[in-house]
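This report covers aromatic contacts, a surface patch and strand pairing.

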Amino acid sequence: MDESKIIYEDDAHKVVMFSFDDETHEDAFLSVNQYLVVHQGIGVLVDPGSEAIFDELYEAVSEYVEIQNIKYIFFSHQDPDVSGSIAQWAISTKAKFIMSSLWVRFMSHYGFTQMDRVMTLLDHGAQLKFGDGTLKFIPAHFLHSPGNLSMYDSNSKVLFSGDIGAAILNAPEDYKKVTNFEQHKEHLLGFHKRYMGSNKLCRAWVEKIQRIDVKIIAPQHGYVFEDADVGLFLAWLSELKCGSDLLEELY
Ligand SMILES: [Fe+2]
Ligand SMILES: [Fe+2]
């Protein structure tokens, strides 16, 4: 694992980014980011990933929060690189699991059966009080999963966007932050064209996001977008042709 990186911090609140890279550069491992929000000692873990990274992530997370103080674990969608370790986190924490209603039963195939610990999100999302702020779960369906939500933390103004904004890159950096959006676009394009549902869906999500004050977009692969790059990314995404827009290339 790379060094973890604090991407937001004030007296009461912190957001930490963890990254696992394709260290062998043999394209056998998909690089991933995981995030931890801590408010006055209480944690929320975001897209913790697969069983393959569980032990190392557990160690890294425990540097920032008592594992027993992780209150919620959020899964943007059902993919193995997002939620494959749900059974391990269920054993090692007392956390509640937050995910789309579409995927709850699928979790049994990752060895998870404690359905009474799941807080189910319906399609329109939800808002949850957390410390003196809120966590907002925003619809992001078909971007790329049919039941997909983003999480916005009002204290840090970080939007955890799952696979939206993801770039498949083998470039371990101290801080995985976009510095040149024009150059970064080429790393976004291939992934978004094929994995995202359609331009109409991209626009629906962008319109929702533009109504909130976002300082950082933190995706599950690649680099985070900060400040001006947030707007540049949203503008790019709202113009993107992807998924069913490119039907003739697929069939
Ligand atoms: Fe995914
Ligand atoms: Fe992913």
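## Aromatic pairs

Two rings of Phe, Tyr or Trp, the last taken by its six-membered ring, count as a pair if their centres lie within 6.5 Å, and a pair is stacked when the planes are under 30 degrees apart. The model examined here is predicted, and it holds 13 aromatic pairs. In one of them, the ring centres of Phe191 and Tyr195 are 4.5 Å apart and the planes meet at 20 degrees, so this pair is stacked.

Phe191 and Tyr195 are four residues apart in helix α4 (residues 181-195), which means that about one helical turn separates them. Phe191 is buried, having a relative accessible area of 11%, whereas Tyr195 is partly exposed at 45% relative accessibility. A single aromatic cluster is formed by Phe181, Phe225, Phe233 and Trp236.

## Strand β6 and its partners

Strand β6 (residues 96-100) is mostly covered, with four of its five residues buried. Strand β5 (residues 70-74) runs parallel to β6 and is joined to it by three bridges. Strand β7 (residues 118-121) also runs parallel to β6, with four bridges between them.

Phe97 takes part in both pairings.

Note on methods: Residues numbered from 1 in each chain as written. Chains lettered and ligands numbered in written order. Predicted model: local features only at pLDDT ≥ 70, side-chain atom pairs only at ≥ 80, totals over all residues. Heavy atoms only, no water. Phe/Tyr/Trp six-rings, centres within 6.5 Å; stacked < 30°, edge-to-face > 60°. Helix = DSSP H or I, 4+ residues; strand = E, 2+ residues; numbered from the N terminus. Buried < 20%, exposed > 50% of the residue type's maximum accessible area, 1.4 Å probe, protein only. Pairing = 2+ DSSP bridges.
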